[in-house]
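Visitor: I would like a short tour of this structure, one question at a time. Where do we begin?

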Amino acid sequence: MLDVGEPGAWSTPLFPGDLRTDLPGYRLYRDGEPVADLGDVVEGWRDDLVPFLIGCSFTFERALLAAGVPVRHLELGTNVPMYVTDVACAAAGSLSGPLVVSMRPVPDELVKTAIEVSGQYPLVHGAPVHVGDPAAIGIRDLARPDFGEAVEVREGEVPLFWACGVTPQAAVMASGVEYAIGHLPGHMAILDARDDDYRMPS
């Protein structure tokens, strides 16, 4: 969690713009079901909604590239593949659900580098939560992500899985939350903060 706003507010200290209009895309939920994908949510905003910002693994991708770690979805110009796992998150009151992860294939000899580099960004998901066999976390088919677009895992590469900011939306769906608004997967809020503002050297 990076930031929390006041009930009904559409900005936060970290995001002084308008959270109802300034994201690339939104998803509206009713009773845990996604009911609309929207370009803005001005009409859907309510006084009892509390906005919060969660870190994103996109933040450390520039650092991965600088360290020589390829990022396949950037090479292809696609959205990162995201998967709902069978790993249960800790419940918070009536809210609970499965962990969602993003996946990036990494050459075997660069796995340690990818772990070390991303681990320096703990507020934006940090190091991978799983390395290797996707079945171990309940992912049946890497070619069929739940969100985003599939990318090839080539010979000599290892799939690395990072915690994903779509996890709260999976919890909204699993818990049947009466009303919620989230970003479309891969369509997050962009801050004026720099990537390295969230780097904590080991």
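Guide: With a cut-off: a residue counts as buried when its relative accessible area is under 20%. The model is predicted.

Visitor: Is His125 buried or exposed?
Guide: His125 sits in the loop between H3 and strand S7 (130–131). Its relative accessibility is 18%. The limit for burial is under 20%, so His125 counts as buried.

Visitor: What is the phi of His125?
Guide: Most residues other than glycine have a negative phi. His125 is not a glycine, yet its phi is positive. The value is about 90°.

Visitor: Which loop holds Asp31, and is Asp31 buried or exposed?
Guide: Asp31 has a positive phi near 50° and is a residue other than glycine. Its loop runs between S2 and strand S3 (33–38). Exposed means over 50% relative accessible area. Asp31 has 56%, so the label is exposed.

Visitor: Which residue does the side chain of Arg104 join through a polar contact of 2.9 Å?
Guide: Arg104 lies in strand S6. At 2% relative accessibility, Arg104 is buried. Its contacts beyond four places in sequence include Ser57, Phe58, His73 and Trp162. The side-chain partner at 2.9 Å is Glu61.

Visitor: How far apart in space are Arg104 and Pro159?
Guide: Pro159 is among the contacts of Arg104, as are Val158 and Leu160. In sequence, Arg104 and Pro159 are 55 residues apart. From C-alpha to C-alpha, the separation is 5.8 Å.

Visitor: What does Val69 touch, beyond four places in sequence?
Guide: Val69 is one of the core residues that touch the most other members. Leaving out residues up to four places away, Val69 touches Leu64, Val106, Leu110, Thr113 and Ala114.

Visitor: Which strands do the buried residues of H4 pack against?
Guide: H4 spans residues 167–175. Its buried residues are Thr167, Gln169, Ala170, Ala171 and Val172. Gly176 follows the helix with a positive phi, near 65°. The packing partners are strand S2 (26–30), strand S6 (98–107) and S9.

Visitor: Is His183 buried or exposed, and which residues does it contact?
Guide: His183 lies in strand S9 (residues 179–183). Its relative accessibility is 16%, so His183 counts as buried. Beyond four places in sequence, the contacts are Leu23, Gly25, Tyr26, Arg27, Gly165, Val166, Gln169 and Met188.

Visitor: Which residues are closest to the centre of the largest cavity?
Guide: The structure holds one cavity of 30 Å³ or more. The largest cavity has about 90 Å³ of space. Among its 14 lining residues, those closest to the centre are Cys56, Met82, Cys164, Gly165 and Met188.

Visitor: How many charged residues line the largest cavity?
Guide: Eight of the lining residues are nonpolar. Six are polar. The charged class has no residues.

Visitor: How much space lies in the second largest pocket?
Guide: Its lining includes Met1, Ile54, His125, Cys164, Gly165 and Thr167. By class, the lining has seven nonpolar, four polar and no charged residues. The space is about 240 Å³.

Visitor: Which backbone oxygen lies 2.7 Å from a polar atom of the Thr85 side chain?
Guide: Thr85 is in strand S5 (residues 82–88). With a relative accessible area of 6%, Thr85 is buried. A polar atom of its side chain lies 3.1 Å from the backbone nitrogen of Val87. The backbone oxygen at 2.7 Å belongs to Leu99.

Visitor: Which residues does Thr12 contact, beyond four places in sequence?
Guide: Thr12 sits in the loop between strand S1 (3–4) and S2. Its relative accessibility is 6%, so Thr12 counts as buried. The contacts are Asp3, Val4, Gly5, Leu19, Pro51 and Leu53.

How values were computed. Residues numbered from 1 in each chain as written. Predicted model: local features only at pLDDT ≥ 70, side-chain atom pairs only at ≥ 80, totals over all residues. Heavy atoms only, no water. Helix = DSSP H or I, 4+ residues; strand = E, 2+ residues; numbered from the N terminus. Buried < 20%, exposed > 50% of the residue type's maximum accessible area, 1.4 Å probe, protein only. Contact = heavy atoms within 4.5 Å. 1 Å grid on protein atoms, 1.4 Å probe; cavity = no way out; pocket = protein on both sides within 12 Å on 5 of 7 lines; lining within 4 Å. Points joined across faces, edges and corners; volume = space filled by probe spheres on them. Nonpolar A, V, L, I, M, F, W, Y, C, P; charged D, E, K, R; others polar. Polar contact = N/O pair within 3.5 Å; in protein donor to acceptor, adjacent residues only side chain to side chain. Core = buried A, V, L, I, M, F, W, Y, C linked by side-chain atoms within 4.5 Å.
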